[in-house]
Amino acid sequence: MAMAFKMATTGMWVADECKNSFMEMKWKKVHRYIVFKIDEKSKLVTVDKVGDAGEGYSDLTASLPDDDCRYAVFDFDFVTVDHCRKSKIFFIAWAPSASKIRAKMLYATSKDGLRRVLDGIHYEVQATEPSEMGFDIIQDRAK
């Protein structure tokens, strides 16, 4: 399996599928969101789930586990007050309170390496509970 990028601080690798899926979302608009997870055994960041273009933000939040960390990117489409269609990509670092401390530390130290691979992220949201990443927060940050 080819690796795209090694994250120096944690020794983790980002799988090519992560960057490829992100580029499909960014340029071809075939995905609404992508959820990534870390496989500690293989030391690899992989794609956990991909949301179709027709899915929404509630589908993304429903796909995040209650007791484990994940990364996610969400392509938020909106219309400005000037009636212009815009799109902003959000990076979400999900670390719920119920997740293990080891997982929280691993995800926190690996986050910047994954963000460097995913070129074109506009905003970042860090959340430990659903209210910290509500749709209203996404809307406010995008405008």
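This is a predicted model: local features need pLDDT of at least 70, side-chain atom pairs count only at pLDDT 80 or more; totals for chains, interfaces and linings use all residues.
Trainee: How much space lies in the largest pocket?

Mentor: The largest pocket holds about 170 Å³ of space.

Trainee: And which residues line the largest pocket?

Mentor: Its lining is made up of R70, Y71, A93, W94, A95, K104, Y107, A108, K111, Q126, A127 and T128. Elements that contribute two or more residues to this lining are β5 (70–79), β6 (85–94), α3 (101–117) and β7 (123–127).

Trainee: Which of them gives the most to the lining?

Mentor: That is α3, which gives four residues.

Trainee: How do the lining residues divide into nonpolar, polar and charged?

Mentor: Seven of the residues in the lining are nonpolar, two are polar and three are charged.

Trainee: Changing topic, how many disulfides are there?

Mentor: The count comes to zero disulfides, and C69 is in none, as the nearest cysteine sulfur, that of C18, is 16 Å away.

Trainee: Is C69 buried or exposed?

Mentor: C69 counts as buried because its relative accessibility is 0%, and C18 is buried too, with a relative accessible area of 0%.

Trainee: What about I101, buried or exposed?

Mentor: I101, which lies in helix α3, counts as exposed because its relative accessibility is 64%. Although I101 and C69 are 32 residues apart along the chain, their C-alpha atoms are separated by 10.0 Å.

Trainee: Now the inside: which residues touch the most other members of the largest nonpolar core?

Mentor: That core has 25 residues, and those touching the most other members are F22, F36, V73, F91, L114 and L118. Two or more residues come from each of β2 (12–15), α1 (16–28), β3 (31–39), β4 (44–52), β5, β6 and α3, and the largest share, five residues, belongs to α3.

Trainee: Take V73, then; what does V73 touch?

Mentor: Leaving aside residues up to four places away in sequence, V73 touches F22, M25, R32, Y33, I34, F36, I89, F90, F91, L118 and I121.

Trainee: How many residues are in the second core?

Mentor: The second core, which is separate, has 17 residues, including V35, Y57, L60 and L64.

Notes:
Residues are numbered from 1 along each chain as its sequence is written. Side-chain values use heavy atoms; hydrogens and water are left out. On a 1 Å grid over the protein atoms alone, a cavity is a set of points where a 1.4 Å probe fits but cannot get out, and a pocket is an open set with protein on both sides within 12 Å along at least five of seven lines; lining residues have an atom within 4 Å of a point. Grid points are joined across faces, edges and corners, and a volume is the space filled by probe spheres set on the points. Ala, Val, Leu, Ile, Met, Phe, Trp, Tyr, Cys and Pro count as nonpolar, Asp, Glu, Lys and Arg as charged, and the others, Gly among them, as polar. A disulfide is a pair of cysteine sulfur atoms within 2.5 Å. Buried means under 20% relative accessible area, exposed over 50%, partly exposed in between (1.4 Å probe, protein chains only). A nonpolar core is a set of buried Ala, Val, Leu, Ile, Met, Phe, Trp, Tyr and Cys residues joined through side-chain atoms within 4.5 Å. Contact means heavy atoms within 4.5 Å.
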